[in-house]
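Here are a few friendly notes to read alongside the model.

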Amino acid sequence: MSDNIQTVTVLSKTTWTPNLFSFTVSRPDSFKFTAGQFVRLGVNPSQLKYYQQTEASDESSDTALNEDVFRAYSIVSSPFDEVIEFFSIVIPDGAFTSQLQHLQVGDELLLNTMPFGFLTLARYQKPLPKDLWLLATGTGLAPFLSMLQDLKTWEDYEHIVLAYSARTLDELAYVEKIESLQEDFGTLVDNPAKLIFIPIVTREPVDGALSERLPKLLLEGTLQARAGIALDIDTTHVMLCGNPDMVEDTKEALKTLGLVMNRRGEGNIAVENYW
Ligand SMILES: Cc1cc2nc3c(=O)[nH]c(=O)nc-3n(C[C@H](O)[C@H](O)[C@H](O)COP(=O)(O)OP(=O)(O)OC[C@H]3O[C@@H](n4cnc5c(N)ncnc54)[C@H](O)[C@@H]3O)c2cc1C
Ligand SMILES: NC(=O)c1ccc[n+]([C@@H]2O[C@H](COP(=O)([O-])OP(=O)(O)OC[C@H]3O[C@@H](n4cnc5c(N)ncnc54)[C@H](OP(=O)(O)O)[C@@H]3O)[C@@H](O)[C@H]2O)c1
């Protein structure tokens with residue numbers, strides 16, 4: 001096993017919908033990361049209690065079920081938390097999540113403790129613009145939750161807009177957590193209105209949520225109107241995370257509005273695709 005790979009224990013699990021869940025694992029003492037980064041998580045199905053209960057005695061079991069499978073996962077929790085939290089989709093025929101969905105408290109996973117990724121606020125050179133826009137679909141919310149649990153994010157920007165798009169209301173996970181961050185960190189920086197949360201639900205009508213896809217909302221100005229602030233090349237950092245089609249289409253919409261990709265610290269737009 002690589003030097004970077006450590007065994008971690010599942011400490012809690014929250015099921016949001018049949019296709020979405022979150023879980024926390026123990027944090028190795030040596031593991032450090034920056035809010036927004038991701039790690040590689042590994043599962044060996046034969047190590048899951050579920051597998052041991054249902055399959056272990058079956059000698060004809062597929063040998064693939066005894067192999068480690070690794071996937072990239074953004075960290076939800078803050079760099080200061082004692083545990084590490086993740087937010088996961090379930091792809092019924094996906095090699096990783098078809099197994100991971102069965103994890104139970106006490107199960108062991110593998111964690112590659114080398115953090116990766118440049119969807120971090122450190123990628124932007126100073127001086128900082130005043131507004132930060134965080135645009136996510138589905139589990140792409142994860143890195144933004146980590147950033148929002150870092151006081152520095154709140155101190156560095158005048159406004160933070162979080163627009164988070166899911167297909168249905170029940171898939172809009174973490175809403176209570178976002179509201180508690182608004183309250184807790186907003187109080188710490190004496191500005192409860194600093195975080196502007198814009199929920200988007202695209203496949204059913206929901207009171208208080210927008211219903212169109214992010215690129216359309218941006219091009220029509222609906223998102224900016226809801227946030228109450230403009231997107232401007234000189235005052236805006238914008239990060240996109242989640243569905244690659246959303247990332248591509250939204251990037252194009254932002255370019256149409258005059259923003260530019262962030263390269264070597266300069267520019268507005270930073271992105272991360274999940275597949
Ligand atoms: C940098 C990075 C960070 C990531 N962070 C997360 C995370 O925090 N949470 C998470 O659930 N996944 C995350 N992913 C995706 C993750 O690595 C796996 O793809 C996912 O766990 C599914 O694995 P699988 O083997 O079951 O299916 P795969 O064979 O990996 O994927 C099969 C198909 O499922 C769809 N898919 C994959 N991931 C997602 C997703 N997250 N949401 C919706 N559809 C998806 C795509 O259509 C993909 O082609 C991340 C990916 C990258 C590159
Ligand atoms: N969510 C489910 O019920 C479900 C169930 C089983 C399996 N899955 C699998 O999970 C994956 C999708 O999961 P998901 O629901 O988290 O992700 P998703 O399809 O990325 O949907 C999440 C949000 O992103 C939006 N979106 C999609 N493409 C976009 C684009 N080009 N521009 C802007 N917004 C865009 C969606 O809007 P739209 O609604 O307009 O697309 C939705 O609001 C698929 O592989 C699917 O097969 C999902």
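**Notes on the domain interface**

1. Five residue pairs, both members at pLDDT 80 or more, are in polar contact across the interface of domain 1 and domain 2. Polar contact here is a pair of N or O atoms within 3.5 Å, one able to donate a hydrogen and the other to accept it, with residues adjacent in sequence counted only if both atoms are side-chain atoms. Between these two domains there are zero salt bridges (a side-chain nitrogen of Lys or Arg within 4 Å of a carboxyl oxygen of Asp or Glu).

2. Please keep in mind that this is a predicted model: local features need pLDDT of at least 70 and side-chain atom pairs pLDDT 80 or more, while totals for chains, interfaces and linings use all residues. Residues are numbered from 1 along each chain as its sequence is written, chains are lettered from A and ligands numbered from 1 in the order written, and side-chain values use heavy atoms, without hydrogens and water.

3. Domain 1 covers 5-116 and domain 2 covers 121-273, with bounds from an automatic or database domain assignment. Their centres, taken over C-alpha atoms, lie 27 Å apart.

4. In domain 1, 21 residues are in contact with 16 residues of domain 2 (heavy atoms within 4.5 Å). About 1,500 Å² is buried between the domains, 62% of it from carbon and sulfur atoms; this is the accessible area (1.4 Å probe) lost by two parts on being put together, summed over both. Trp 16, Val 76 and Phe 87 lose the most area on the domain 1 side, together 35% of what that side buries.
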